[in-house]
Amino acid sequence: MKLEILKEGDERLRVICKKVDKITPRIKKLVSDMIETMYAKNGVGLAAPQVGSDLRIIVFDPRTTRRKHPMVLINPELSELSGEIRGDEGCLSCPGLWGEVTRSAHVKATGLNEKGEEVVIESEGGVLSVVLQHETDHLDGILFLDRLDPAQQLRVMKEREEL
Ligand code: NI
């Protein structure tokens, strides 16, 4: 089932999400609905608060191949952040807005998949590193807009007035 994506300004995007303590059928349904919604909107990632849930769940597919390869992280934790990459980001909750964000290049992400198995994902840069940090930020109520430098924030403000 496709879910409605909340837009910036909705307070539910600003909550600190709660850990999932048990993977129930309801959680599995949420995960599969989030994946369906992400693909329907052509996104590379989606976090639970974007569909109105306050649970620590992200789904993503950095689209490095033509085949769909959806990944899920429940209760994601990022560690071993190092290096720096800078690139354009957008967000399904902030339609029409883009901006350059500086992120760590290397990131190690751990968490559970929808079967409750431990997952470790290491990324050395590129879309996967960015998407892991962008989506995990959502679980702490942070949008990429918050991470823009002042000049970029000003540009986005002007663009928004023209939208
Ligand atoms: Ni986003």
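**View 1. Ser104 in the loop between strands E5 and E6.** Ser104 sits in the loop that links strand E5 (99-103) to strand E6 (106-112); strands are DSSP runs (E, at least two residues) and helices likewise (H or I, at least four), numbered from the N terminus. With 16% relative accessibility, Ser104 counts as buried (under 20% relative accessible area; exposed is over 50%, partly exposed in between; 1.4 Å probe, protein chains only). Beyond neighbours within four places in sequence, Ser104 is in contact (heavy atoms within 4.5 Å) with residues including Leu81, Glu84, Ser129 and Gln133. This is a predicted model: local features need pLDDT of at least 70, side-chain atom pairs count only at pLDDT 80 or more, and totals for chains, interfaces and linings use all residues. Residues are numbered from 1 along each chain as its sequence is written, and side-chain values use heavy atoms, leaving out hydrogens and water.

View 2. Cys91 (SG), His134 (NE2) and His138 (NE2) lie 2.1 to 2.3 Å from the nickel ion. Donors are N, O and S atoms within 2.8 Å of the metal (3.2 Å for Na, K and Ca); water is not among the atoms, so sites may look incomplete. Along the chain, the donors follow the spacing C-x42-H-x3-H. Both histidines, His134 and His138, belong to helix H2 (residues 126-138), four residues apart, about one turn of the helix, and both are buried.

**View 3. Lys68 over Tyr39.** The charged end of Lys68 sits over the ring of Tyr39, 4.5 Å from its centre (NZ of Lys or CZ of Arg within 6 Å of the ring centre and within 35 degrees of the ring normal).
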